[in-house]
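Here's a quick tour of one protein model. Have the sequence and the 3D view open as you read.

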Amino acid sequence: MNAVVLVVAALLLLSPMVTVSSPVHFGEALVVLGGVAAMLVANAVLLRVGLAPLKRLSRAMTAADLLRPGKRPAVTGHGEVAALIGTFNAMLDRLESERATSSARALSAQEAERRRVARELHDEVGQTLTAVLLQVKRAADRAPDPLREELSAAQETTRASLDEIRRIARRLRPGVLEDLGLVSGLRALAGEFSESGLTVRHRFDGGPPRLGQDAELVVYRVAQEALTNAARHAGVGCADLELRCAPDAVELVVRDAGRGMRGATEGAGMRGMRERALLAGAHLAVAAGPAGSGTEVRLRVPVRTLPADRTTATAHDGTPTSQGAPT
């Protein structure tokens, strides 16, 4: 197009329609200046139209986030511009695939390390503290009264430490999740937080499909991290935990009415939730609550089918609210 503009300008200068005298007449100068101005305007328009896809590509590069995959700039323009956008999209595909693979390996190694540490805490440290607790108890039973009170205090401290170690081991390795399934694991998780001071009101669709061990672990860890954030940062004493069954997905919702995000940047915990969601092919959304306050974490895990005979919903007290086969 730029060549067409230059050729037209040259043909006009060579034609008898445009002449330049010596000295230059005023009318001829106006014609030449008008032609130059028209050429500049045409070049500006052509450059703006031709470079518009590159501007869109630049905005897409700035907004690209591997934790929010799937967004791609449209392949527009012609020639090398379209090839550049296509190459960028192919690069994003490759980076997202490689990140998902590396994240899967890292999280798998992390879970294996959690299980190992939990096992050592339970088997080694837990048994050692249990033996210490029995020894202190025997010593307290034989000690004179002035010393018995101190030994009783040491016994209570040891018992509290043993309970704390067992609690940490349960959080590192959710045995209830592995043995009894997702609903029981989430119910136990809600009970742990309720004992720690955060009242968790939970409601589960009884009998969601088995998502597979990895997907259930993703749902459990996201719920655990969301409740931890609510306990630490929300500034409220209660939170809601829901597990819903849809025809094509299982949806986890954790909601609180606290301070909310307030423009804060996402920390390591939030990034960890997004990485886990990617492993299960799930969609994670973090936004303000329905009333515009607090924080709502919503994880939607796709499934192929849902059993038709599992429709029981249980309230936070465990009472069935509809007919069906409970877990």
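## Around R221

The side chain of R221 makes a polar contact with the side chain of Q224 at 2.8 Å (a pair of N or O atoms within 3.5 Å, one able to donate a hydrogen and the other to accept it; residues adjacent in sequence count only if both atoms are side-chain atoms). This is a predicted model, where local features need pLDDT of at least 70 and side-chain atom pairs count only at pLDDT 80 or more, while totals for chains, interfaces and linings use all residues. Residues are numbered from 1 along each chain as its sequence is written, and side-chain values use heavy atoms, with hydrogens and water left out.

R221 sits in helix α7, residues 213-234 (helices are DSSP runs of H or I, at least four residues). R221 counts as buried because its relative accessibility is 4% (buried means under 20%, with a 1.4 Å probe and protein chains only). Setting aside neighbours within four places in sequence, R221 touches E111, R114, R171, L172, P174 and R276 (contact means heavy atoms within 4.5 Å).

| Helix | Residues | Contact residues |
|---|---|---|
| α1 | residues 2-14 | N2, V5, L6 and A9 |
| α2 | residues 26-63 | M39, A42, N43 and L46 |

The two helices, α1 and α2, pack at an angle of about 170°, with axes 10 Å apart. That makes α1 roughly antiparallel to α2 (angles over 145 degrees).

The UniProt record, an unreviewed entry, annotates residues 31-51 as "transmembrane region". Residues 31-51 are 100% helix, and their end C-alpha atoms lie 30 Å apart.

Notes: Axes fitted to C-alpha atoms, helices over the stretch in contact; angles between N-to-C directions. Parallel < 35°, antiparallel > 145°, perpendicular 65-115°, else oblique. UniProt positions renumbered as here; feature names shortened; annotations may be inferred. Buried < 20%, exposed > 50% of the residue type's maximum accessible area, 1.4 Å probe, protein only.
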